[in-house]
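Me: Got a model open here and want to go through it with you. Can we start with how burial is called, then move on to the rings?

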Amino acid sequence: LSSRARRHIQVTMQTFSNLDLLSVGIAVAGIGLLGFVILFNNVRSTTNRSFFYFALVTVGWSIINYSYYQLPAGDLALWLLRGVMCFATWHAFTFFHLASAFPDDTYHHPRWHTYVLVPITGVVSLLTLTPYVFERINAVGADGSIGGIQNGPAIAFFGILVFGLIISSIWKLVRTTLRAPKGERRPYS
């Protein structure tokens, strides 16, 4: 390729990179703003607070996930990937928290939620930061990114918890929708 063609490719790639950052920035700002607007609409509402926590974790997860994809394979990229998994654990938990409270403004979580689910989520999220979930990078892509990860023995705990929380959340939302009076289930036009 000529130097002019290489320069054109570099400028094009930089433009796409800037658009990628812009789109992530807009999404993160929008989710964060929505979380605050909903919270301040009714601070006492359990559902509104749950959505706010979900939005905050989503913002954190999005930022760390974007950062991870910007780095070549290496120790920092592996740590960021572990951070993505840690945030993913809390993302699933806050989604479950929201699905449990929705649409009740005065919902109180059961004791098992506080004394069982929160500690389990905390332990699993800490495990994601260790080699017990992701041991090491075992393949590097042609572009220098992480191409493969050696899973550790605790990856199953992460998978079971996150999958269980997401499936339970969807089930709770569907059940809540089906139990709602017919007038409340109608889509707005």
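Predicted model: local features only at pLDDT ≥ 70, side-chain atom pairs only at ≥ 80, totals over all residues.

Me: Then where does Trp 90 fall, buried, exposed or partly exposed?
Reply: Trp 90 has a relative accessible area of 27%, so it is partly exposed.

Me: And Phe 93, buried or exposed?
Reply: Buried. Phe 93 has a relative accessible area of 8%, and the cut-off for buried is under 20%.

Me: Where do Trp 90 and Phe 93 lie?
Reply: Both lie in helix α3, which covers residues 75-101. Trp 90 and Phe 93 are 3 residues apart, about one turn of the helix.

Me: How many aromatic pairs does the structure hold?
Reply: It holds 8 aromatic pairs. Trp 90 with Phe 93 is edge-to-face, because the ring centres are 5.4 Å apart and the planes stand at 85 degrees.

Me: Which residues do ring pairs link into a cluster?
Reply: Phe 36, Phe 40, Phe 52 and Tyr 53.

Me: What makes the nonpolar surface patch?
Reply: Phe 36, Phe 40, Val 43, Tyr 53 and Leu 56 make it, with an area of about 490 Å². Helices α1 (3-41) and α2 (46-69) each supply at least two of the patch residues.

Me: Take Phe 36. Which helix is it in?
Reply: Phe 36 lies in α1. It counts as partly exposed because its relative accessibility is 38%.

Me: Switching to Thr 46. Why does it count as buried?
Reply: Because its relative accessibility is 8%, and buried means under 20%. Thr 46 is in helix α2.

Me: What does Thr 46 touch?
Reply: Leaving out residues up to four places away in sequence, Thr 46 touches Ala 101, Asp 104, Asp 105, Thr 106 and Tyr 107.

Me: What about Trp 79? Which residue lies over its face?
Reply: Arg 82 does, at 5.1 Å from the ring centre.

Me: Last topic, the backbone. Is the peptide bond from Phe 102 to Pro 103 cis or trans?
Reply: Cis, with omega near -5 degrees. Most peptide bonds are trans.

Me: Where does Pro 103 lie?
Reply: Pro 103 is in the loop between α3 and α4, and α4 covers 111-127.

Definitions and conventions: Residues numbered from 1 in each chain as written. Heavy atoms only, no water. Patch = residues over 30% accessible without salt bridge, like charges linked within 9 Å, V, L, I, M, F, W, Y side chains within 5 Å. Areas by Shrake-Rupley, 256 points an atom, 1.4 Å probe, with all protein chains shown as cover. Salt bridge = Lys/Arg side-chain N within 4 Å of Asp/Glu carboxyl O. Helix = DSSP H or I, 4+ residues; strand = E, 2+ residues; numbered from the N terminus. Buried < 20%, exposed > 50% of the residue type's maximum accessible area, 1.4 Å probe, protein only. Contact = heavy atoms within 4.5 Å. Phe/Tyr/Trp six-rings, centres within 6.5 Å; stacked < 30°, edge-to-face > 60°. Lys NZ or Arg CZ within 6 Å of the ring centre and 35° of its normal.
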